[in-house]
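User: Hi! Could you walk me through a sheet and a loop in this one?
Analyst: Happy to, here it comes.
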Amino acid sequence: MTGIGSPAWSYEETAVTDGGRVVGTITLDGQVPKPKGYNLTTLPDPFYCGRISDGQGWRILQPFQVGPAGEFREVVVYLDGIDKGKPFAEGGVPQIEAKDCLFLPFTTVVRDDQPVTVVNMDPVMHDIQAYETSHLGPRVLFNVPLPMNPQHPRNFKDRSDAALYHRHMAGTPMKQLVNLTKNRRIFVMQCGFHAYMESWGLAVTNPYFAKTDEQGRFTLTDVPPGTYKLVVWHPYVRSSIERTVTIGPKGTVEAHIAVPAPTGRLYANEVLDHAYIRYNVPEETQKEIEPMIQKQQH
């Protein structure tokens, strides 16, 4: 994974009286990459985690959220090169939830050297393993078990109990410090028990960032006049997506960026079209791994 951005520096919060805006859209240009596939019978808790599955015993993870017209959703857009401007928004510590054997959200924006909270909402144990990553290779940030709420019912095969074990109750929150090595901006968090649980984070040095919405839109406000680098980030887009923007006093700049869709095989466990990949999930087991929340498509 390629590192992003320039070395971090101290950011000064101040009033911005003549700030401008950057608004725009991000689209994915090309074919949406195939998702990842995981055989649930090879990992713990297949009955509970299989409530989101393809009906054949497999959990699908699609890192690319793209609308019918190419709207690229859940993509981070930020301005690089601003060392003085509006304060960071007050919102407390970012929180990631383990819910239905997913880490939500899939992408998180954090401040470097500040904590992030992870909470287990499931009735199964999770283990969070976080790594900072760049072209230099990964480095462990933290590795801790994620406790579950002891009040959860545990009989996952009893379908008459479905309403009970579908409830989400928070376990003990785990607050962990995100402290990245110099020049690194990206970290990934995975579950040591359930490989399909994955969440990515980007550490920012200023508050001028946004995640695209369902229409692929973003808005950055109160930007001090000047010329900056507008950066588009998605964890599986390896190429650098940048544009230079110049914002005048109280001005508005529109940026509509088409991101070339990655090609080739992006991950070792990419879903394959061949039916033989399901040979080791017996039909009886497939019937027990019931997609009660979502029947996924490949």
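This is a predicted model: local features need pLDDT of at least 70, side-chain atom pairs count only at pLDDT 80 or more; totals for chains, interfaces and linings use all residues.

User: Great. Which strands form the open sheet, and in what order?
Analyst: There are 5 strands, arranged β12-β18-β17-β14-β15, with mixed pairing.

User: And which ones are the edge strands?
Analyst: Those are β12 and β15 (139-146), each of which pairs on one side only. From one strand to the next, the twist averages 20 degrees.

User: Is β12 mostly covered or mostly open?
Analyst: Mostly covered: of the 5 residues in β12 (residues 107-111), 4 are buried.

User: How many bridges join it to β18?
Analyst: β12 and β18 (residues 198-204) are joined by 5 bridges, and the two run parallel.

User: Nice. Which residues in β18 do Val-109 and Val-110 stand opposite?
Analyst: Val-109 faces Leu-202 across the pair, while Val-110 has Ala-203 opposite.

User: Changing topic: where does Glu-214 lie?
Analyst: Glu-214 is in the loop that links β19 (209-211) with β20 (217-223).

User: Why is Glu-214 called partly exposed rather than buried or exposed?
Analyst: Because its relative accessible area is 48%, and partly exposed covers the range between under 20% for buried and over 50% for exposed.

User: What does Glu-214 touch, leaving out residues up to four places away in sequence?
Analyst: Glu-71 and Arg-73.

User: And how far is Glu-214 from Gly-67 in space?
Analyst: Their C-alpha atoms are 7.4 Å apart, although Glu-214 and Gly-67 are 147 residues apart in sequence.

Note on methods:
Residues are numbered from 1 along each chain as its sequence is written. Side-chain values use heavy atoms; hydrogens and water are left out. Buried means under 20% relative accessible area, exposed over 50%, partly exposed in between (1.4 Å probe, protein chains only). Two strands pair if DSSP finds at least two bridges between them. Contact means heavy atoms within 4.5 Å. Axes are lines fitted to C-alpha atoms, for helices over the stretch in contact, and angles run from 0 to 180 degrees between N-to-C directions.
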